[in-house]
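The sequence and structure are shown first.

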Amino acid sequence: MKTLLQPLLIVASIFIGLFLYSRFGASIPINVLSTQSQNVFTISGEGKVAAIPDSAKINIGITLDNKSLKTAHQTANEKINKLNSDLEALGVKKENIKTVNYRINPSYDYFMSPPQARSFSVSIDQEITIDNLEIVNEVIDTAIANGGNLVGGLIFGVSKEKRRELEQEARKLAIEEGKRKAEGMAGAAGIILGKVV
């Protein structure tokens with residue numbers, strides 16, 4: 001009986017001591033670590049779509065030289081205005097005709113002192129967006145007929161509206177591929193898929 005009572009008294013005195021220390025003594029810092037299980041995994045998917053071009057862009061320019069800067073400038077503007085008018089008559093929208101560069105380059109005679117401008121070269125470059133691919137050849141012919149001596153950079157593409165539709169379709173395909181991959185991994189790991197995060 002005595003041997004059993006001694007350990008009980010020791011345990012009781014420890015608890016009482018701890019109670020009194022926590023009540024009246026200094027506070028004991030306690031760090032609590034919280035753990036959270038990771039319940040998501042990342043899958044990537046890719047979607048690709050192809051489309052037939054429905055528009056084209058082409059660069060058309062006029063360059064001419066004249067001894068008079070005023071004459072060169074005036075003539076270049078007249079030619080480009082006539083070209084734009086003829087392009088609109090073909091069916092090119094006015095907002096699809098953009099001037100992207102305007103240059104004036106003097107040509108100097110360095111045998112004179114001081115060097116004098118002998119002539120001036122005026123260049124006007126335009127970017128034409130063509131919504132109707134059937135008139136591409138006519139646009140080029142019209143540009144050349146109106147003095148266009150810088151024609152090139154023909155690029156076929158899709159309109160903004162069509163591009164948005166294609167991007168949306170590609171996103172759907174990417175998500176479908178991602179879901180297929182996730183289902184395959186979940187099946188192999190024996191887990192149940194939840195909603196897409």
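Just after helix 2, Gly-91 adopts a positive phi of about 120°. Helices (H or I, at least four residues) and strands (E, at least two) are DSSP runs, numbered from the N terminus.

The model is a predicted one, in which local features need pLDDT of at least 70, side-chain atom pairs count only at pLDDT 80 or more, and totals for chains, interfaces and linings use all residues. Residues are numbered from 1 along each chain as its sequence is written, and side-chain values use heavy atoms, with hydrogens and water left out.

**Helix 2**

Helix 2 comprises 22 residues, 69-90. From first C-alpha to last it reaches 32 Å, close to the 32 Å expected at 1.5 Å a residue; the expected span is 1.5 Å times one less than the number of residues.

Burial is defined by relative accessible area: buried means under 20%, exposed over 50%, and partly exposed in between (1.4 Å probe, protein chains only). In helix 2 the buried residues are Ala-72, Ala-76, Ile-80, Leu-83, Asn-84 and Leu-87. Seen down the helix axis, these residues fall within an arc of 100°, so they line one face of helix 2; the arc is that of the directions from the helix axis to the C-beta atoms. On the other side of helix 2, Lys-70 and Ala-89 are exposed.

The cover over the buried residues of helix 2 includes the elements tabulated here, with contact meaning heavy atoms within 4.5 Å.

| Covering element | Residues |
|---|---|
| Strand 1 | 55-66 |
| Strand 2 | 97-109 |
| Strand 3 | 116-130 |
| Helix 3 | 136-145 |

**The chain as a whole**

Four helices and four strands make up the secondary structure of the chain, and their order along the sequence is α-β-α-β-β-α-β-α. Of the 197 residues in the chain, 22% are buried. Among contacts with a separation of 6 or more, 75% come from residues 24 or more positions apart. The accessible surface is about 15,100 Å², with 57% belonging to carbon and sulfur atoms; such areas come from the Shrake-Rupley method with a 1.4 Å probe, and for residues only the protein chains shown count as cover.

**Ala-186**

Ala-186 lies in helix 4 (residues 160-189). Its relative accessibility is 3%, so Ala-186 counts as buried. Leaving aside neighbours within four places in sequence, Ala-186 is in contact with Ile-191 and Leu-193. Phe-41 is 145 residues from Ala-186 in sequence, with a C-alpha to C-alpha distance of 9.9 Å.
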